[in-house]
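Good morning, colleagues, and thank you for your time. Please look first at the sequence and the structure on the screen.

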Amino acid sequence: MPAETVLFFVFGGLAVLGALNLVLQRHPIHSALSLILVMAALAALYLLLGAEFIAAIQVIVYAGAIMVLFVFVIMLLNAGEEERTSMSRAARYVGLPVAGLLLAEVGYLLYRAWPEGAVVEADKFLGRTGPIGRLLFTDFALPFELTSVLILIAVLGAVVLAKKEL
Amino acid sequence: MTDWIARHPDLVFAVVKIVLCLFLLLTAVAYLTWFERKLIAHIQSRWGPHRVGPHGLLQPLADGLKNLFKEDIIPAGVTSRFVYLLAPFLAVSLSLLAVAVIPFGPEPVEILGARTGLHIADINIGLLFVLAVTSLGVYAVALAGWSSNSKYSLLGGLRSTAQMVSYEIALTLSVIGVLLLAGTLSLREIVEAQAGHWSGVVPRWFIFPQFVAFLCFFISGVAETNRAPFDLPEAETELVAGFHTEYSSMKFAMFFMAEYAHMIVTSLVASLLFFGGWLSPFPATEFWSITRYLPVVLAAALGGVLLVDVLRQRTGWHRLIMAAVGLGLLAVAGLLATQETLLALAQGPFWLLGKTAVFLFVFVWTRATLPRFRYDQLMAFGWKFLVPLAVLNIVVTSFLVAWRAG
């Protein structure tokens, strides 16, 4: 097995394990740490594809900024362990099968809708920093700007809500 | 075995360079504590450490041994044992990790018949890597403060997280001006973009066109390392020691190692981005080529001073240590003077480390000089002064770059 494949399975497995741990942990901080692990593993996967810029941005934005705020808020509120209730009967008999069905459906649709040659091979990704920036300011200028306006509105909303409390 | 090594020279070089870099960095961290104590002492008209070894030179070793053999206490009330133990390891490993992408000299040099670069890894997003690693450093402080389950630790951790998140923005924004001028994220190419001289005298370092960015970068860098005058997370008059109050023994020392390693990395990046990294400040003309021998002169002079100092030492083994270090430096000087290849190899690291040493001096100097910020002053300074200044710098620089490009 080539080294890329081994590394793919290592980091892919790490991401899946982190995601499982995120759901199963009872303490919010442990869940947040698992989520950081997932993001770091995803960054490593991007790196394997050769998308260095996206990998670095993934770490800086998600692990370095957003998750810091998560941890900060959990610390600030001093959130304790969650209570675990025994699963309700409806969830056991209806919820689990429905969830499984949904998963199978999404998997099947993805499998069907997969265009030929849409898979990026290891280290073949050509989106270095320059081309990504150019795309963002030409082909994707409108969605890019709209996203930033959306974030700005969210920030303004937060400020307005906070002002009311003061 | 030798066959295998011959077939994988890159791998062998990588391992050797990693070991060498870590060893040098950890030694530098240890002696930075000595340097800081000594310098602050002299600024305050004291002697500083002077008992263990000549001029207290063995003090870092004594401190290290003391911390290793102290009782390691884990408080009974820790919120989460795993997180409590994880935090100091995160702190050290993240601050050491950044050195992996620092280039210490120009591209490939020949060592023992094989070609390699004076860096561990040369990735084309080196600067982003440094920013990403330092941005993760927040977790160590936040988690240490939270998991200790103590009021002082928690308040210190909260303060520190807020401070690091705020100043990270100013830090990242201030770097963009340099990126606009260099047009690349690779640390090596950023340094190469600073080669040459204006009118043959002034080096083309980014400090001149990007002076404002440098001020923002360095101030935020000091704030990111949680050092004076931004050391509110460990303000001892208010918080005992802040986030590491409940840590003892080596785990306590690890937070200190992380802080000093972070200082070194910030100084290295500042020299790379704004002061031409490994480039010599002198023009590359025949007249100035004599400055190649500066490392020789410096090593010889320092060795000579130390040998004279032998006479001032009272105890026999202090004399022995000083004589050994002095003779060693003289030997290095002799080796560099006679071996042309070694001298050429030493140029890059000499200038980069020299510039770094100046920044480290400034770090200690500010700690000895400036009083601590008040918390609201700190936040106002970061958000209302540094961030707008960095944004203004980006706007002006982009206009100038666009105007020059026509």
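I shall describe the two chains in turn, then their contact, and then a few individual residues. Please keep in mind that this is a predicted model.

Let me begin with chain A. The chain contains 6 helices and 0 strands, and its pattern along the sequence reads α-α-α-α-α-α. Its radius of gyration is 20 Å, whereas the globule rule gives 15 Å for 166 residues, so chain A is more spread out than a compact globule. Along the principal axes, its C-alpha trace spans about 45 × 45 × 30 Å. Of the 166 residues in this chain, 17% are buried. If we consider contacts in chain A between residues at least 6 apart in sequence, 61% of them join residues at least 24 apart.

Chain A is divided into two parts: domain 1 covers 3–127 and domain 2 covers 128–166. The centres of these two domains, taken over C-alpha atoms, are separated by 24 Å.

I would now draw your attention to one pair of helices in this chain. Two packed helices are described by the angle between their axes and the distance between the axes. Helix α2 of chain A, residues 28–49, and helix α3 of chain A, residues 52–77, have axes that come within 8 Å and cross at roughly 175°. The cut-off for roughly antiparallel is an angle over 145 degrees, and therefore α2(A) is roughly antiparallel to α3(A). On the α2(A) side, the residues making the contact include Ile29(A), Leu35(A), Ile36(A), Met39(A) and Leu42(A). On the α3(A) side, they include Ile54(A), Val59(A), Tyr62(A), Met67(A) and Phe70(A).

Is Leu45(A) buried or exposed? It has 20 C-beta neighbours inside 10 Å, and therefore Leu45(A) counts as buried. Leaving aside residues up to four places away in sequence, Leu45(A) touches Phe8(A), Phe11(A) and Gly12(A). By contrast, 25 Å separate the C-alpha atoms of Leu45(A) and Thr147(A), which lie 102 residues apart along the chain.

I turn now to chain B. Its secondary structure comes to 14 helices and 4 strands. The radius of gyration of chain B is 23 Å, close to the 22 Å that the globule rule gives for 406 residues, so chain B is as compact as a globular protein of that length. Taken along the principal axes, its C-alpha atoms fill a box of roughly 70 × 65 × 55 Å. Among the 406 residues of chain B, 41% count as buried. Of the contacts in this chain with a separation of 6 or more, 75% are between residues 24 or more positions apart.

How do the two chains meet? The contact involves 21 residues of chain B and 16 residues of chain A. On the side of chain B, the elements giving two or more residues are α5 (126–147) and α6 (151–182). The largest share of that side, 10 residues, comes from α5(B).

Finally, let us consider the nonpolar core. In soluble globular proteins, nonpolar side chains tend to be buried together. Which residues touch the most other members of the largest nonpolar core? Among its 124 residues, they are Ala140(B) and Ile264(B). Apart from residues up to four places away in sequence, Ala140(B) touches Ala87(B), Leu90(B), Ala91(B), Leu94(B) and Ala258(B).

Thank you for your attention.

Terms used: Residues numbered from 1 in each chain as written. Chains lettered and ligands numbered in written order. Predicted model: local features only at pLDDT ≥ 70, side-chain atom pairs only at ≥ 80, totals over all residues. Rg over C-alpha atoms; globule rule 2.2 N^0.38 Å. Buried ≥ 20, exposed ≤ 12 C-beta atoms within 10 Å, placed from the backbone. Contact = placed C-beta atoms within 7 Å. Core = buried A, V, L, I, M, F, W, Y, C linked by C-beta atoms within 7 Å. Domains from an automatic or database assignment. Axes fitted to C-alpha atoms, helices over the stretch in contact; angles between N-to-C directions. Parallel < 35°, antiparallel > 145°, perpendicular 65-115°, else oblique.
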